[in-house]
Amino acid sequence: MFENLQKKLTGVFKNLSGKGKLSEKNIKDAVREVKLSLLEADVHYKVVKELIDRVKEEAIGSKVLESLTPDQEFIRIVRDDLIELMGGKENNKITISRNPGFIMLTGLQGSGKTSTAAKLANFYKKKGKNPLLVAADTYRPAAIDQLVQLGEDIGIPVFTGDRVNALKIIEESKKYAEKLLHDIVIVDTAGRLHIDEKMMEELENIKKLINPDEILMVVDSMVGQDAVNSAKEFNDKLDLSGFVVSKLDGDSRGGVIISIRYITGKPVKLVGVGEKIDDLEEFYPDRYVGRILGMGDVLSFIEKVEQDIDKKKAEEDAERFMDGKFDLKDFLEQIRQIRKLGPLSSLLEMVPGVPKEQVDVTKGEQELKKFEAIINSMTPKERKNPGILTYSRKQRIAKGSGTTLQDINRLLKSYDQLKKTMKQMKKLKGRKLMNNLPF
Ligand code: GDP
């Protein structure tokens, strides 16, 4: 996968290594090489331009992170910008909010639509769902037989109706699914060799009819630029919810998977990585960027350095806290951290020596929420220096956060108390810590 692109990029990065530091001249050369490699890998020119602009700007302004060499720093920047362009680190999950939920699959002929329908149904069956496949690709009779066969192989029913009228088949499948308690209905729709008006019209009508929870287009990653163009056309007409990019296992050059999010604004939700029924994966941009760039070792090293820096920062923050040197922004961050750990009750249960009856937990939770709202309504200056909070400022904040002046005063008191407690704690070296916390 992406072998060519990987090889090219590795070459670019190698050329940078050994250079004393990132200079405008060597960045310019490296950026040019990255640009050519991406264009050759069929990445859309607009995406290449955007990426190059971002990388250039960041690399030139960058202070190389401690313990990274210039080439590693450059790789880090390219990695981050690529992930960003591909939609960030998180996977955009398929979301089904009704029962039965509908997933409508669209795409050109040969893109892998029918196989994806079966793969997706199998994916849900494994999760304990009861999916139904609907064969509504009436233009290619073989597609219906193909889906029926695939359904038989994996033990999932396929609704075929009269095999002629797609809208009628789908309408009937709705009732069928409700009657037989199918919770997810996956509809395979008609594909053509090229986009044509009639097909689009039919797809629009199907969309209107079922108002699907997800409308996904399957795009063949081997097709290159044309695939991205048709993705754009489909999205313009149908307002898709996302994409499935298929055939990433072959010698796909990488262009489609890098370009599609930026060009269409819609996320890639799943990827097809082979012909077998299990060859469907959720898509995480950072994992693919890892594969595109190759260089597993270098990337893990960069991650480790970043983690060390985060750790160092956390330690410095803790030190600052112990000295009572924190503002309301830090205080908010602490509240968020506590809330991230789960409800306060379970947190306190973990602390030995805290008598349960002493802590009114529900009150504590509400208080945290209020505090968060209040701090969010402050200006950065106010958070930094709560001393400037006059009566009128407090009134404004109370209004903005839906709280009262008493709430704000209580927050300020808690904040002062925590500062004091922290200083005491430093002296006590942590003894009796929780008993002194203000909430
Ligand atoms: P449709 O016309 O869009 O319904 O396409 P099909 O589902 O019939 O797929 C066309 C061909 O692509 C079939 O031979 C599939 O086995 C193959 N195919 C689909 N997805 C993948 C994939 O992720 N990897 C590989 N290697 N082949 C795939």
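Student: How do the residues of the shell around the ligand divide into nonpolar, polar and charged?

Tutor: Please note at the outset that this is a predicted model. In the shell, twelve residues are polar, five are charged and two are nonpolar.

Student: Which residues come nearest to the ligand?

Tutor: Gly112, Lys113, Thr114, Ser115 and Gly272 do, out of 19 residues around the ligand. Helix 5, spanning residues 113–126, supplies the largest share of the shell, with three residues.

Student: What confidence values accompany the model?

Tutor: The chain has a mean pLDDT of 85, with 88% of its residues at 70 or more. The ipTM is 0.99 and the pTM is 0.74.

Student: In what order do the strands of the sheet lie?

Tutor: In general, the strands of a sheet pair through backbone hydrogen bonds, in parallel or antiparallel fashion. Here the sheet is open, its eight strands follow the order 3-2-4-1-5-6-7-8, and the pairing is mixed.

Student: How many bridges join strand 7 to strand 8?

Tutor: Three bridges join strand 7 (residues 268–272) to strand 8, and the two run antiparallel. Valine 271 lies opposite glutamate 281 of strand 8.

Student: Which strands does helix 5 touch as it packs on the sheet?

Tutor: Among them are strand 1 (101–107), strand 4 (184–188) and strand 7. The direction of helix 5 makes about 170° with that of strand 4. Helix 8 (residues 197–210) also packs on the sheet, touching strand 1 and strand 5, and its direction makes about 175° with that of strand 1.

Technical notes:
Residues numbered from 1 in each chain as written. Predicted model: local features only at pLDDT ≥ 70, side-chain atom pairs only at ≥ 80, totals over all residues. Near = placed C-beta within 6 Å. Helix = DSSP H or I, 4+ residues; strand = E, 2+ residues; numbered from the N terminus. Nonpolar A, V, L, I, M, F, W, Y, C, P; charged D, E, K, R; others polar. pLDDT = per-residue confidence, 0-100. Pairing = 2+ DSSP bridges. Contact = placed C-beta atoms within 7 Å. Axes fitted to C-alpha atoms, helices over the stretch in contact; angles between N-to-C directions.
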